[in-house]
Amino acid sequence: MIVSAEYLIALAGNPNCGKTTLFNAITGARQHVGNYPGITVEKKEGFYLLNGLKLRLVDLPGTYSLTAYSMEELVARDFLVYERPQLVINIVDASNLERNLYLTVQLLELGVPVVLALNMVDAAASRGIEVDTEELSRRLQVPVIPTIARTGKGKEGLLEITADVAAENPPWKPLHISYGTDIDPVLDQMEADIQSSNFLLDLYPARWIALKYMEADEQVLESGRKVNPELSNRLEETADQVAEHLRKTLETYPEAIIADHRYGFISALLKGGVVQNSQKSDRLYLSDQLDQVLTNRFFGPLVMLLILYGVYKFTFEYSALPVSWLDSGFTALGNFMESVLPAGLIKSLIVSGIIDGVGGVLSFIPLILFMFFSIAFLEDTGYLARVAYMLDRVFRTFGLHGSSVMAYIVSGGIAGGCAVPGVMATRTLRSPKERLATILTAPFMNCGAKLPVFAMLIAAFFPARHAQMMFLLTILSWIAALLLARLIRWTILRGPSTPFLLELPPYRMPTLKGLLIHTWERTWQYIRKAGTIILALSILFWALMTFPMLPESRKNQFETERQQILSQLPKDARISVTRGQKKQSDVSQASARAIHRIKEINEAEARATLQHSYAGRIGMALENLTQWSGFEWRTNVALLAGFAAKELIISTLGTAYSLGGSSPEEEVSLSQRLVNDPQWNRLRAFSLIVFIMLYAPCLATVTCIAKESGTVKWALFSLVFNTTVAYLVAVLIYQGGLWLGVGG
Amino acid sequence: MPIMLLRQMSVGQTGVIAKVTAEGELGRRIRDMGLVPGTPLKIQGRAPLKDPVAIKLRNFTLSLRNNEADYISVEVDEGE
């Protein structure tokens with residue numbers, strides 16, 4: 001199709017007005033998600049072809065207003081001002097017009113051409129609400145189209161009108177409304193002043209600038225001071241005088257007066273039969289009735305526990321099978337490469353560095369897919385808002401937000417989660433400080449990869465108390481996460497809590513299409529990340545554990561020992577031994593002994609290689625520090641490897657203690673080995689468990705922290721902060737234990 | 001009719017907002033959500049730990065913390 005023209009159209013509206021549903025209904029799969037540069041607000045773009053026209057649609061973040069307070073609002077406003085879309089489709093919820101039109105009024109004040117999509121007219125009608133669209137359109141002077149985003153009804157009509165209006169390319173025409181006798185005359189005077197000085201007029205209309213000076217809008221004031229400090233000062237002084245006057249006479253301030261008049265304008269707009277409500281306003285709708293149970297003092301928390309547990313079960317149980325497929329797929333790929341590639345560095349790099357590293361991370365994909373699906377479901381039904389509502393009192397005590405609970409649970413608040421989807425789950429949190437504190441503390445939870453390490457150490461040192469120990473560790477991780485969140489919010493993220501004011505939207509059945517799009521786009525972002533940064537870091541870790549290699553002389557020594565054993569065997573036995581035949585029946589007793597000896601030599605070589613590598617050297621150098629927490633170099637190397645992925649702790653400990661592989665039987669023998677080692681005892685094991693619980697998040701998580709917080713700074717912070725905390729606590733436990741005489 | 005703080009109202013009580021004293025970001029957010037003088041509202045419920053409070057106004061449900069509700073005075077309807 002030949003595209004004759006392309007128009008840029010923005011979609012704006014309140015959260016929960018069905019904006020994203022409409023966006024999905026229009027663009028379908030022809031959309032992509034990115035981030036606005038430098039910040040974590042999602043930018044969704046898609047297009048629609050209509051009779052040779054290309055409509056490029058941008059889904060702005062859902063906002064209630066166009067002030068400069070939140071990131072979302074700034075993004076929406078800057079997009080309108082700097083990208084100059086031909087028009088804005090403003091989606092409003094028909095059953096909640098008054099509040100939804102507050103944003104509309106601000107769009108009209110800015111002057112951008114608007115087409116109003118009166119959404120969810122079906123839900124409104126079922127509540128007895130009828131809107132006279134023609135009259136509303138006449139009074140607002142903008143086209144008003146009734147739509148039902150869930151079914152796509154009204155979408156074509158909306159887009160046709162949109163294309164017609166866009167083709168006319170109407171100039172921006174700011175709406176003038178009266179803000180009362182105290183403000184209007186001053187506004188007129190400021191407007192004239194701005195107009196005659198050509199002040200910021202390339203960006204905003206004059207009256208809007210005056211209005212923003214009156215509202216003391218930080219962003220506009222700042223750009224004004226840069227362009228023309230003299231005029232900016234004068235405008236600020238004028239606004240201050242009005243503010244002073246209002247404070248003295250009415251005990252109020254300009255912003256409040258302006259908002260009052262906007263709402264006054266809206267009520268006048270809807271008067272005289274524009275909105276008819278045939279039902280009594282105090283009627284309890286199904287949604288309210290549901291709330292009476294779901295947020296009830298007794299049943300609310302109970303149902304919530306069940307639902308959260310259900311999400312957890314769904315995410316981790318149903319994803320277990322596909323995760324194991326991916327896992328065995330990568331193992332098979334590794335084995336295949338192992339068999340076809342010639343022995344040497346390249347093989348080691350591909351098998352141990354790339355396939356193990358990236359494969360370990362990509363195996364999480366089903367988990368992330370399921371987690372995002374559950375969260376999208378809870379979010380779209382409106383239940384997530386209730387969770388935040390019920391738990392806010394608890395989490396606020398620690399400087400967090402009611403919505404933080406989701407991230408904690410997914411990260412392993414019920415032991416066995418994963419911090420990667422956990423960190424990503426904070427996206428539903430709109431308060432920046434609370435969100436960051438949640439991101440930084442969620443990795444303290446006991447994720448699924450820490451559990452096998454705990455299980456091994458518990459089996460070795462606390463065999464009779466397995467369940468109690470696991471429960472204790474779960475409680476400990478919650479305490480640690482909440483207390484450290486409090487600490488973070490008192491120090492580096494200090495500041496009052498972000499206003500809560502959370503809308504509890506009516507319960508709704510989400511659309512499958514919406515859920516799938518939502519789930520897929522977030523999962524895809526994760527996959528892209530794994531392909532780049534995690535690949536590079538996996539290779540780095542492989543190099544640390546591989547280089548420098550053992551000097552030739554020592555390698556030869558091991559080789560000589562092996563040859564010596566082989567030479568003592570008859571020739572035919574020698575072949576079966578070197579081929580590594582394992583069946584006892586196939587080999588003689590002498591050969592079996594030889595195989596065992598050679599295995600021991602291989603293990604000794606692996607241990608020597610590890611000790612000789614940079615990782616081994618770092619491990620030994622760290623003994624100076626870690627002697628206080630009770631770890632020697634083998635543990636240190638394992639912990640270092642655990643930073644790449646916590647699963648590696650066991651296999652690395654195995655290598656360091658000369659045990660090959662990490663199959664289940666050998667895990668048992670590793671714990672046996674540790675029990676028999678005189679250096680190990682309960683105290684040391686417990687100190688290590690707590691250290692593993694708290695120390696640096698794994699590579700995948702750190703990458704996610706960098707992405708979700710928008711800067712690498714916080715990722716590095718979490719590395720240093722978590723490890724420091726872990727170390728201090730471990731030292732406290734170990735030294736305290738020694739002092740009490742527990743260890744020994 | 002008596003004027004009281006939104007925090008002091010009990011579940012099921014109705015009234016009309018008389019005054020909003022919050023300034024700055026909180027003030028702006030409160031107004032953005034439609035809590036301006038003259039707006040009728042009803043206390044819909046309280047969270048299990050008595051905080052936050054859920055109110056119904058302009059046909060939607062909004063929850064806010066008690067310390068945020070302290071900035072809002074309401075002229076309470078009598079005889080209910």
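Here are some questions and answers about a predicted model with chains A and B.

Q: Why is Asn51(A) called exposed?
A: Asn51(A) has 9 of them within 10 Å, so it is exposed. You can find Asn51(A) in the loop between strand S3 (42-50) and strand S4 (53-59) of chain A. Its phi is positive, about 45 degrees, although Asn51(A) is not a glycine.

Q: What makes Lys50(B) count as exposed?
A: The cut-off is again 12 or fewer C-beta atoms within 10 Å. Lys50(B) has 10 C-beta neighbours inside 10 Å, so it counts as exposed. Lys50(B) is placed in the loop between S3 and S4 of chain B, and its phi is a positive value near 70 degrees in a residue other than glycine.

Q: How do you know that the span of helix H29 (residues 633-644) of chain A agrees with its number of residues?
A: Let's set one value against the other. At 1.5 Å a residue, the 12 residues of H29(A) should span 16 Å, and the end C-alpha atoms are 17 Å apart, which agrees.

Q: Why is H29(A) called mostly covered?
A: A residue is buried if 20 or more other C-beta atoms lie within 10 Å of its own. In H29(A), 11 of the 12 residues are buried, among them Trp633(A), Leu639(A) and Ala644(A).

Q: What makes strand S6 (residues 72-76) of chain B a strand with two faces?
A: In a regular strand the side chains alternate between the two faces of the sheet. The covered face of S6(B) holds Ile72(B), Val74(B) and Val76(B), while Ser73(B) and Glu75(B) make up the uncovered one.

Q: How do you know that S6(B) pairs with strand S1 (residues 3-5) and strand S2 (residues 14-20) of chain B?
A: Pairing needs at least two bridges. S1(B) and S6(B) have three, in the antiparallel sense, and Ile3(B) stands opposite Glu75(B). S2(B) and S6(B) have five, also antiparallel, with Lys19(B) opposite Ser73(B).

Q: How do you know that S10(A) pairs with strand S5 (residues 60-64) of chain B?
A: At least two bridges are needed, and these strands have two, in the antiparallel sense. Leu502(A) stands opposite Ser63(B), and Glu503(A) stands opposite Leu62(B).

Q: Why are S10 of chain A and S1 of chain B said to stand at the edges?
A: The open sheet of seven strands runs in the order S10(A)-S5(B)-S4(B)-S3(B)-S2(B)-S6(B)-S1(B). S10(A) and S1(B) each have a single partner strand, so one side of each is left without a neighbour in the sheet.

Q: How many residues does each chain give to the contact?
A: Chain A gives 31 residues and chain B gives 30. Elements giving two or more residues to the side of chain A include helix H3 (97-110), helix H11 (254-270) and strand S10 (502-503). That side divides into 16 nonpolar, six polar and nine charged residues.

How values were computed
Residues are numbered from 1 along each chain as its sequence is written. Chains are lettered from A and ligands numbered from 1 in the order in which they are written. This is a predicted model: local features need pLDDT of at least 70, side-chain atom pairs count only at pLDDT 80 or more; totals for chains, interfaces and linings use all residues. Helices (H or I, at least four residues) and strands (E, at least two) are DSSP runs, numbered from the N terminus. The expected span of a helix is 1.5 Å times one less than its number of residues. Two residues are in contact if their C-beta atoms, placed from the backbone, lie within 7 Å. Ala, Val, Leu, Ile, Met, Phe, Trp, Tyr, Cys and Pro count as nonpolar, Asp, Glu, Lys and Arg as charged, and the others, Gly among them, as polar.
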